[in-house]
Amino acid sequence: MNTFDDIIPRRGTGCVKWDECSDAEVLPLWVADMDFAVAPCIQHAIRKRAEHPVFGYTKVSEDYYNAVIKWFSQRHDWTIKRDSMLYTIGVVPAISCCLQAITLPGQRVLISTPVYNCFFSSVCNSGCQIAENPLRRRSDGYYEFDFDDFERQCADEKTVAYVLCNPHNPVGRVWRRDELQRIADICARHHVFVISDEIHNELVMPGYKYTPFATVNTEGLRYCVCISASKSFNIAGLQMANIVCEDPQMRQRIDRVININEVCDVNPFAPVATIAAYSDDGAEWIDSLNQYLYNNYLTIKEILAPYSDAVTLLPLEGTYLAWLDCTPLCSRMNINSEQLADALVSEAKVFFTAGSHYGSPGEDFLRINMACPQSILCEALTRFTGWMKKYFFSLNSTADAIIKK
């Protein structure tokens, strides 16, 4: 079994996470990419496939479909029909293909913000208008749907689709069954097609349970679910995902768009990696990973607790993305989240993601990728808190020096 404390050098390997910033001193905790070695069972499967010296066009075998179906049936009580599955090279291309298959230019697509930034580009690239349903933040820090606004948005005749994030990136909610049921009921009532992005489905903190959208009562609803082992098992670079759509007509249209966009061919390592991930060994690995991630979350909570006047760590139910409210910090220093993130890179040598990337409700927030060895996480947080001591907690400090830099 992996040791998640191991530090694996990634800089200079063509890694987006570590090589995006040219400053070698910067610790990158931004893009959703884990710094852990993949599960040994996956490494073994890839090495075995690599022993065959030809890497040509790949036929996806029935073993692949059986592995996916068995995994979701046993682990999540979701029975996926073989005929309802389409594969493509990633969840974002899957979402875009679904949107292009079911919408016309100028129509509205609803999203619940703050939300994964690629939702915005997928909607815009499909020629559609973005409609936002801002999530409500309760006094205890948890986010919930504003269902009154959600229904008003769905009732607009121009709204034809809703893109759901389950579990939700970046606010970390693992939506309950009753919440998902209400979404299904409203969208069915107003003939709104639901596209559920469930790429973070295995990344759930102790005490919470992922509910596949397809397992609620979907009578009268048109929908599809996008799934992949890529995020949970850190194999995004292998590029493979599935669209599960039970409506034969809609599935045919989506399949047509997948082929039009030429995102229908996967590489020879992706299916074997997924089969290995969705095994008993993979299940043991992901359970250990989730416990480690939860401990990392508790570490963030402990380290940032003395700085509650400046920042607030919000509750986390799923994903490995900590959501940090920096409103007091930004307000007092008269900077926005983009300026804050830039300042942390240049001044503190730590790279977090500005919350504004996820829509206007994310302004004055930071997203922290905590999927790294705890030693790296602690060093990054030490740099962050040291920076706050220097600027926020110093009576003589202003934001001018930061902004000018």
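Student: What makes V68 a contact of I80?
Tutor: Contact means heavy atoms within 4.5 Å. Leaving aside neighbours within four places in sequence, I80 is in contact with V68, I69, F72, M85, I227 and V244. This is a predicted model: local features need pLDDT of at least 70, side-chain atom pairs count only at pLDDT 80 or more, and totals for chains, interfaces and linings use all residues. Residues are numbered from 1 along each chain as its sequence is written, and side-chain values use heavy atoms, with hydrogens and water left out.

Student: Where does I80 sit?
Tutor: I80 is in the loop between α3 (62-76) and β2 (85-88). Helices (H or I, at least four residues) and strands (E, at least two) are DSSP runs, numbered from the N terminus.

Student: Why is I80 called buried?
Tutor: Buried means under 20% relative accessible area, exposed over 50%, and partly exposed in between (1.4 Å probe, protein chains only). I80 has 3% relative accessibility, so it counts as buried.

Student: How far from I80 is A214?
Tutor: Their C-alpha atoms are separated by 9.0 Å. Along the chain, I80 and A214 are 134 residues apart.

Student: D77 lies in the loop between α3 and β2 as well. Is D77 buried or exposed?
Tutor: Exposed. D77 has 60% relative accessibility, so it falls in that class. D77 also has a positive phi of about 55 degrees, although it is not a glycine.

Student: What is the phi of N234?
Tutor: It is positive, about 60 degrees, and N234 is not a glycine. N234 lies in the loop between β9 (223-227) and β10 (241-244).

Student: Why does N234 count as buried?
Tutor: Its relative accessibility is 18%, so N234 gets that label.

Student: And R47, buried or exposed?
Tutor: R47 counts as exposed, because its relative accessibility is 53%. Its place is in helix α2.

Student: Which residues does a cis peptide bond join, with omega about 0 degrees?
Tutor: T113 and P114. P114 is found in the loop between β3 (108-111) and α5.

Student: What is the omega of the cis bond from N166 to P167?
Tutor: It is near -5 degrees. P167 lies in the loop between β7 (159-165) and α7 (177-189).

Student: How many helices and strands does the protein chain have?
Tutor: There are 14 helices and 15 strands.

Student: Why is the protein chain called as compact as a globular protein of that length?
Tutor: The radius of gyration is taken over C-alpha atoms, and the globule rule is 2.2 Å times the number of residues to the power 0.38. For 405 residues the rule gives 22 Å; the chain has 21 Å, which is close, so the description holds. The C-alpha atoms fill a box of roughly 65 × 55 × 35 Å along the principal axes. Buried residues make up 57% of the 405.

Student: What share of contacts joins residues at least 24 apart?
Tutor: It is 73%, among contacts between residues at least 6 apart in sequence.

Student: What makes an open space a pocket?
Tutor: On a 1 Å grid over the protein atoms alone, a pocket is an open set of points with protein on both sides within 12 Å along at least five of seven lines; lining residues have an atom within 4 Å of a point. The largest pocket has a volume of about 1,100 Å³; a volume is the space filled by probe spheres set on the points, joined across faces, edges and corners.

Student: How does the lining of the largest pocket divide?
Tutor: It has 27 nonpolar, 12 polar and nine charged residues. Ala, Val, Leu, Ile, Met, Phe, Trp, Tyr, Cys and Pro count as nonpolar, Asp, Glu, Lys and Arg as charged, and the others, Gly among them, as polar.

Student: How much space lies in the second largest pocket?
Tutor: About 240 Å³. Of its 14 lining residues, Y297, K301, T312, L313 and P315 are closest to the centre. Helix α10 supplies the largest share of this lining, five residues. By class, the lining has 11 nonpolar, two polar and one charged.

Definitions and conventions
On a 1 Å grid over the protein atoms alone, a cavity is a set of points where a 1.4 Å probe fits but cannot get out, and a pocket is an open set with protein on both sides within 12 Å along at least five of seven lines; lining residues have an atom within 4 Å of a point.
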